[in-house]
Amino acid sequence: MPRLLIVDDEKDVREFAANFFRKRKIDVTTASSGEEALALLQNEKPDLIMLDIKMEGMDGIETLRRVKLLDKDMKVIMVTGKKPEEENCGGKCAEYGCLDYINKPLELDELEDVVLKHLMN
Amino acid sequence: MTIDYKKELESAAKTMILVHDTQVLIKLIVRMIVHKVKVNHAAILLHDTEKDTYVLTVSRGARGLKVPKGFARMDKDNALIQFFTQRLDEKLFNHGVVVYEEAQELLKNDEIDAHLKQMLKDASYQMEIFDSRVAIPSFFRDELLGILLLGQKENNEVFGRDELDFFVALASDVAMAIRNAQLFRDLEKELDAKKRLFVHTTIALAAAIDAKDHYTHGHTARVTSLSLEIAKKLGERNHDAINEKFLEHLQFAGLLHDIGKIGVPESILNKNGTLVGDEKKKMQEHALLGSAILQPIKELETAILGVKYHHERYDGSGYPEGLKGDQIPLVASIISIADSFDAMTTDRPYRKGLSRQEAVDEIRRQSGKQFNPVIVEALVELYQENKI
């Protein structure tokens, strides 16, 4: 089963996305902060990380940078907010090596497509 | 489905039409549906007119899938949105609702056109993604304003015909409410713009008077702001008449109080010395003249009282009518003090202005004579608090 790590500080988002992908036969782990995600990555190696940009504490961009320091081949897609400066991570995420990004509010089938595409690759 | 909650929902929908914050009421409706109809979850996708997309605004459910607010959207080309905007629901079903099970049955039917079938298949897949069993569109005329999505019933029963009919009626009420709220918002925006235009026009007029009167540069702006300060102080002391509307009228009265000077010859306005005889009379006419100029503007009714009577005196010795005490409208009494205070503290070619302390002392001496004592007190307090 492909493994997906969802990192988001909003409980509702974590639960919803986890259920959504579990139904699609994906092994989902969640983390509620960048710090928690980095700790998890010491012992686990997911096939893909879905990472929210706007989080309390360490934000998604910094988390992405550190994830890439741990494992430069780790596949990460970013979930970005409505504000223009957040949209497409303001270009920064590509520099740190994110694979893709999805803008909130998002189309669920687009989310499904993007995640499945990168998980299967 | 029992009759009592039906009534509750109906009355909620009726209230919605009156309330301009639809979000609150939509939440209420969704919550009620979840609790009373006992569905696992319910969600509403609303049309975001700015971005022209449908955003999942409310989602509730104890058991079912709870989509975080603002997380999901459906674009216009989304299969479910297309299904409704092309009114394929009417073509395939005759009750304005898509029921997932009915859709699955229909997909097995070979008589249906292949293209239509594909559309239905894509639309029902969208329902699947949201774990919904029923999708109810909300139309205002031909415009799809939103979609209500309902999950499975808690006891796994199918939805009854009467229930579905009721949801359709509810959806149309919701559409009306949303539409009303949008119209109301647009109207408010337009009103705000018109109000700004009016305020700026008034300021321009006030500047025209100031330009004519060389001695009083900036006088109008200072009188207006001091008047507002005084009124706010009166408001702090629970003066009943002071509310937002009053402050608005006072602002216009302040800006326009000397507009009648437009009809006073410049030789008199700018005379280097005391006015005598006819000159004085001409100058005093500016109060009545101002009110006559503004009289056609119905909206300025209260402000005009300020313009007309700002030279009346508390003891009845002022002009144009010699009003006394409380006969003088509050708006005029306030401007009168602000006007005098500014005149006293401004330098003139033939005399130097008084200090603030001296002006306040003079106004205090005139309390109950030239000025209304209550307003004098407010001015003194402002001075003591270093606000003027």
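Select chain B: of its 388 residues, 38% count as buried (20 or more other C-beta atoms within 10 Å of the residue's own, with C-beta atoms placed from the backbone; exposed is 12 or fewer, partly exposed in between). The model is predicted, so local features need pLDDT of at least 70 and side-chain atom pairs pLDDT 80 or more, while totals for chains, interfaces and linings use all residues. Residues are numbered from 1 along each chain as its sequence is written, and chains are lettered from A and ligands numbered from 1 in the order in which they are written.

Colour chain B by secondary structure: there are 15 helices and 6 strands (DSSP runs numbered from the N terminus, H or I of at least four residues for helices, E of at least two for strands). Among contacts in chain B with a separation of 6 or more, 60% join residues 24 or more positions apart (contact: C-beta atoms, placed from the backbone, within 7 Å).

Next, show chain A as well. The contact takes 11 residues from chain A and 14 from chain B. On the chain B side, β2 (53–60) and β3 (73–75) are the elements that give two or more residues. The largest share, 3 residues, comes from β3(B).

Now select residues 356–365 of chain B, helix α14. Which residues are buried here? They are A359(B), V360(B) and I363(B). These cover an arc of only 100° around the axis, which puts them on the same side of α14(B) (the arc is that of the directions from the helix axis to the C-beta atoms). On the other side, Q357(B), E358(B) and R365(B) are exposed.

Terms used. Two residues are in contact if their C-beta atoms, placed from the backbone, lie within 7 Å.
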